[in-house]
Amino acid sequence: MKEPTYWKRSRGAYRILIIISALMVIISVAALFFFTDDTGTEEDNTPSNKEYTTIPTTNDDPNTIIDGIHVRTGLVEAEGLMAVVTNCTTCHSAQLVIQNRMDRDRWIATIRWMQKTQNLWGLGDNEAVIVNYLVTNYPPINKGRRQALSQVEWYELKE
Amino acid sequence: MQLKILTLHNNQLLTISVERRKFVSKTLLATMIGALGTDIVFGKLLPLDYVPLAFQDPDPFKMFQIDPEMVVLNEKPWNIEAKAHMLDDKITPNKFMFVRNNGIIPENIDLANWSLTIDGESVIKSKTYSLTELKSKFKTYTYQLLLECGGNGRSEFDPPAKGNQWTVGAVSCASWTGVRLRDVLEDAGIKKNAVYIGYHATDLHLSRDPGKEPISRGVPISKALQDETLLAYQMNGKDIPLVHGHPLRLVAGGWPASVSGKWINRISIRNKVHDGEKMEGSSYRMPCKPIAPGENVPDEAMCIIESMPVKSIITYPKSGAMLPKGKKLKIRGHAWAGELQVAEMHYSIDYGATWTSCPVEKPVNRLAWQHFSADISLPQEGYYEVWAKATDSRGVSQPMLLPGWNPKGYLNNACHRIAIKIT
């Protein structure tokens with residue numbers, strides 16, 4: 001009874017191993033291809049440079065910034081960014097921060113609520129850094145009693 | 001990848017989110033290869049049907065089988081809404097049903113061992129039922145029930161209200177099948193001093209602290225005993241999708257959808273107002289007395305939201321339609337009024353200066369939304385907005401401007417409108 005189950009399970013493991021190996025081979029071939037292409041002649045370089053920019057480069061840095069935005073979270077790069085990433089995005093996504101616009105008092109009240117009810121830890125000196133970051137980069141925007149319709153995508157109505 | 005993030009004030013976000021998706025998938029791939037290298041050693045110890053977390057598809061549209069045009073507001077916890085034109089069906093299909101979560105969706109559902117316990121101070125005899133017992137012992141009912149998030153429309157409040165910035169699409173009217181909560185509660189026995197019921201479920205708190213519940217709300221006993229209040233196991237004729245509460249969901253139509261708890265395994269009959277998570281503070285509560293925008297309200301001056309207010313949505317055409325002069329504009333949509341019915345429906349093409357009444361159908365059952373339609377003549381070329389306004393059976397209508405401000409931005413039932421051009 002035990003042996004067939006063991007064999008069945010190992011078979012599964014081998015199957016995964018084979019898939020992984022196959023993947024590795026493909027990746028190696030691809031890497032080799034790009035590597036050799038990179039060492040082409042100088043006149044080749046100019047036109048192919050354009051193509052290179054569209055090939056995503058492997059990037060393992062979790063804190064990459066592109067155009068002033070912290071790519072992993074979507075947060076604006078500014079003083080206090082890493083304190084926000086570390087303390088605020090462990091439990092919830094940064095989208096919850098980005099969507100919300102509050103003044104200093106209401107951000108502090110929100111932090112207190114999270115500490116009281118949501119297991120947020122004490123922030124110490126970081127609290128001032130985090131609140132400054134939030135009110136500077138995500139301040140409230142006046143909308144009035146009703147905003148105009150915006151971002152209308154116009155199309156011909158058929159039917 | 002089509003992940004979309006709410007782009008209220010920053011168009012850049014959209015592009016960034018797409019870039020971010022690519023980045024995340026790439027890092028994920030690297031992690032998977034890395035993780036597998038070590039996992040393989042223990043491969044034989046893994047259960048055969050075990051799918052490592054890394055292999056689970058992080059694409060919410062595939063994972064939840066929803067339309068790729070649905071708008072992701074938040075991916076931890078998952079919160080996703082529809083756009084107005086996606087709600088055109090009379091019965092909301094699964095793919096256009098908004099997703100609202102306070103915590104982490106349960107990771108393992110053990111159907112064979114799933115049970116529902118009825119307990120609490122006001123139960124005569126605490127009882128536990130398996131899913132099979134629930135389905136066989138009690139009569140089955142099907143109703144179309146309106147579920148709207150209490151915070152639907154929050155994005156319009158000024159000053160901005162705290163929480164996911166829902167626009168118009170956190171509303172649905174699906175067909176729910178299950179047993180009456182009343183039948184189950186009465187089987188266990190309800191003491192005379194019962195005031196409220198409170199649900200408990202198997203979702204996880206965001207902090208993954210097993211001692212904390214993400215949400216545990218409820219309704220007064222009178223709402224719990226209504227014919228249409230269901231312990232549902234089917235949505236639109238099939239098992240409820242996991243993200244919407246499989247295998248058992250409490251469905252109490254016409255009230256904030258947060259009382260319709262998902263993944264239910266226990267219901268307590270309380271001798272007081274239920275005091276579970278998100279029943280207190282500013283959660284799903286409104287200032288008992290009206291306040292000025294932005295004013296602070298102490299907790300004790302907040303009152304629990306019960307029935308949702310009268311509201312309507314234009315689902316056809318999609319905003320932005322252009323049509324030639326002389327052609328009539330057909331519009332249609334839905335209207336609802338919480339515990340009440342919609343009695344009248346009007347539309348305006350001149351910003352409320354004049355209103356024209358249009359027919360609205362009776363609901364298919366109590367607490368279902370009602371359908372309206374109209375053929376509109378637009379007099380000359382140019383830009384128009386069509387505004388829709390529902391009136392409930394007590395003569396209360398939707399406001400054209402934002403209703404009373406409140407700290408969490410609940411109950412925005414201001415008129416919905418679409419933009420039209422005559423060319």
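Colleague: Where in chain B does B:Lys191 lie?
Modeller: B:Lys191 lies in the loop between α4 (181–188) and β8 (196–201) of chain B. Helices and strands here are DSSP runs (H or I, at least four residues, for helices; E, at least two, for strands), numbered from the N terminus. Keep in mind that this is a predicted model, where local features need pLDDT of at least 70, side-chain atom pairs count only at pLDDT 80 or more, and totals for chains, interfaces and linings use all residues. Residues are numbered from 1 along each chain as its sequence is written, chains are lettered from A and ligands numbered from 1 in the order in which they are written, and side-chain values use heavy atoms, with hydrogens and water left out.

Colleague: Why does B:Lys191 count as partly exposed?
Modeller: Buried means under 20% relative accessible area, exposed over 50%, and partly exposed in between (1.4 Å probe, protein chains only). B:Lys191 has 37% relative accessibility, so it counts as partly exposed.

Colleague: Which residues is B:Lys191 in contact with, leaving aside its neighbours within four places in sequence?
Modeller: Contact means heavy atoms within 4.5 Å. On that basis B:Lys191 touches B:Glu121, B:Ser122, B:Val123 and B:Ile124.

Colleague: Over in chain A, what makes α5(A) oblique to α6(A)?
Modeller: The axes of α5(A) (residues 104–117) and α6(A) (residues 126–137) come within 10 Å and cross at roughly 130°. Angles under 35 degrees count as roughly parallel, over 145 as roughly antiparallel, 65 to 115 as roughly perpendicular and the rest as oblique. The α5(A)–α6(A) pair is therefore oblique.

Colleague: And why are α3(A) and α6(A) called roughly perpendicular?
Modeller: α3(A) (residues 81–88) packs against α6(A) at about 105°, with the axes 9 Å apart, so the pair is roughly perpendicular. Among the residues that meet are A:Val84 in α3(A) and A:Ile130 in α6(A). The contact divides into 7 nonpolar, 2 polar and no charged residues; Ala, Val, Leu, Ile, Met, Phe, Trp, Tyr, Cys and Pro count as nonpolar, Asp, Glu, Lys and Arg as charged, and the others, Gly among them, as polar.

Colleague: Back to chain B: how many residues of β18(B) are buried?
Modeller: 6 of the 8 residues in β18(B) (residues 329–336) are buried, so the strand is mostly covered.

Colleague: How many bridges join β16(B) to β18(B)?
Modeller: Strands pair if DSSP finds at least two bridges between them. β16(B) (residues 311–316) has 5 to β18(B), running antiparallel, and B:Tyr316 stands opposite B:Arg332. β18(B) also pairs with β21(B) (residues 370–376) in the antiparallel sense over 7 bridges.

Definitions and conventions. Axes fitted to C-alpha atoms, helices over the stretch in contact; angles between N-to-C directions.
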